[in-house]
Amino acid sequence: MDLYFSPLACSMATRIALYEAGADIRYIYRDRAKRLPDGSDFLQINPLGMVPTLRTDDGDVLTENAAILQYVADRFPNAGISAASGMERSRLHQWLCFIGTELHKGLFVPLLDKTAPAEMKAHVLSKNLSRLDYLDNYLKGREFLLDHFSVADAYLVTIINWTMATPPIELSKWPAVKAYHERLRTRPSIARAVAEEFELYKAELARHKAAA
C-alpha cells in the first residue's frame with residue numbers, strides 16, 4: 001500500500017493507525033504545490049489534491065480520512081483498532097463523523113485559514129466551541145473514545161494537535177480533553193508519528209522560505 005500524506009495534516013491519523021498495525025507500506029510525501037517526490041502531479045491520483053489518499057495492494061485509490069481509517073482498521077484486524085459489529089461499530093462511525101465534520105472542518109479549518117476574515121473566525125469560535133464542551137464532558141473518566149484505542153482516537157489526537165497553531169483555543173479550558181491529549185501523545189505509535197512528521201514539517205517550512 002501507498003499512503004500519500006502531508007506532514008502534520010490529518011493524514012497523520014492514518015500513519016498512527018498503520019504504526020499501530022505494524023504495517024509495512026510506503027509513505028509518499030505530497031508537497032504544497034501538489035507534487036510528489038518524483039516530480040509527478042498528485043492531481044493525477046487524487047483530482048482534489050487532498051491527503052490522506054491511499055493506494056491499496058490491489059491498486060484501488062481510496063480517499064477521505066474516515067473511509068481510509070476504517071479500511072486500515074479492517075485490513076489489519078489483529079491491531080485491535082476497529083470495532084465489533086453492531087452498536088460499537090456504529091459508535092466508531094459516530095466519532096469519525098463528529099471529528100471530521102464538527103472539529104476538523106467545522107472548527108479548525110476556518111481558524112487555520114490565513115486568508116479567512118477575522119469576523120468569520122470570531123463567528124466560528126462563538127458557534128463551534130460548544131463541540132469541545134461536548135467532547136470534554138464525554139471524556140471525563142474515559143481513557144479512549146470507545147472502550148479501547150481505535151482509529152477514532154488516532155484521528156482525534158491528530159486534530160487536537162492543531163491547537164498549537166490556533167491560539168484562540170486554549171486546552172486548559174477543557175481539562176478532560178487536555179488530559180486525554182497529553183496521555184495519548186505518549187502512546188508509542190502517536191509519539192513516533194508526531195516526532196517524524198514534525199521534522200518533515202520543519203524541513204518543508206525551510207524549503208518554502210528558501211523558495212520565497
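How many residues does the largest nonpolar core have, and which residues have the most contacts inside it? Keep that in mind for View 1. This is a predicted model, in which local features need pLDDT of at least 70, side-chain atom pairs count only at pLDDT 80 or more, and totals for chains, interfaces and linings use all residues. Residues are numbered from 1 along each chain as its sequence is written, and side-chain values use heavy atoms, with hydrogens and water left out.

**View 1. The largest nonpolar core has 56 residues.** Leu135 and Leu145 are the ones with the most contacts inside this core. A nonpolar core here is a set of buried Ala, Val, Leu, Ile, Met, Phe, Trp, Tyr and Cys residues joined through side-chain atoms within 4.5 Å. Buried means under 20% relative accessible area, exposed means over 50%, and partly exposed is in between (1.4 Å probe, protein chains only). The elements giving two or more residues to the core are H1, H2, H3 (87-112), H4 (118-128), H5 (130-139), H6 (151-160), H7 (175-184) and H8 (188-211). Helices (H or I, at least four residues) and strands (E, at least two) are DSSP runs, numbered from the N terminus. Helix H3 gives the most, with nine residues.

**View 2. Leucine 135 and what it touches.** Set aside residues up to four places away in sequence, and leucine 135 touches Trp95, Leu103, Leu145, Leu156 and Val177. Contact means heavy atoms within 4.5 Å. There's also a second, separate core of seven residues, and Tyr4, Leu36, Ile45 and Val51 are among them.

**View 3. Helices H1 and H2 pack together.** H1 covers residues 12-21 and H2 covers residues 65-75; they pack at an angle of about 5°, with their axes 10 Å apart. Axes are lines fitted to C-alpha atoms, for helices over the stretch in contact, and angles run from 0 to 180 degrees between N-to-C directions. Angles under 35 degrees count as roughly parallel, over 145 as roughly antiparallel, 65 to 115 as roughly perpendicular and the rest as oblique. H1 and H2 are therefore roughly parallel to each other. On the H1 side you'll find Ala13, Thr14, Ala17 and Leu18, which meet Asn65, Ile68, Leu69 and Val72 in H2. Sorted by class, this contact has six nonpolar, two polar and no charged residues. For that sorting, Ala, Val, Leu, Ile, Met, Phe, Trp, Tyr, Cys and Pro count as nonpolar, Asp, Glu, Lys and Arg as charged, and the others, Gly among them, as polar.

**View 4. Aspartate 2 and arginine 26 meet in a salt bridge.** A salt bridge is a side-chain nitrogen of Lys or Arg within 4 Å of a carboxyl oxygen of Asp or Glu, and the structure holds twelve of them. In this one, N to O is 2.8 Å. The pair links distant parts of the chain: aspartate 2 sits in strand S1 (residues 2-5) and arginine 26 in strand S2 (residues 26-29), 24 residues apart. Aspartate 2 is buried at 10% relative accessible area, whereas arginine 26 is exposed at 53%.

View 5. Elsewhere, salt bridges that share partners join Arg15, Arg192, Glu196 and Glu197 into one network.

View 6. The peptide bond from valine 51 to proline 52 is cis, with omega near 0°. Lysine 34 has phi near 65°, a positive value in a residue other than glycine.

**View 7. Alanine 73 in helix H2.** Alanine 73 counts as buried, at 1% relative accessibility. Leaving aside neighbours within four places in sequence, alanine 73 is in contact with Ile81, Ser82 and Val151.
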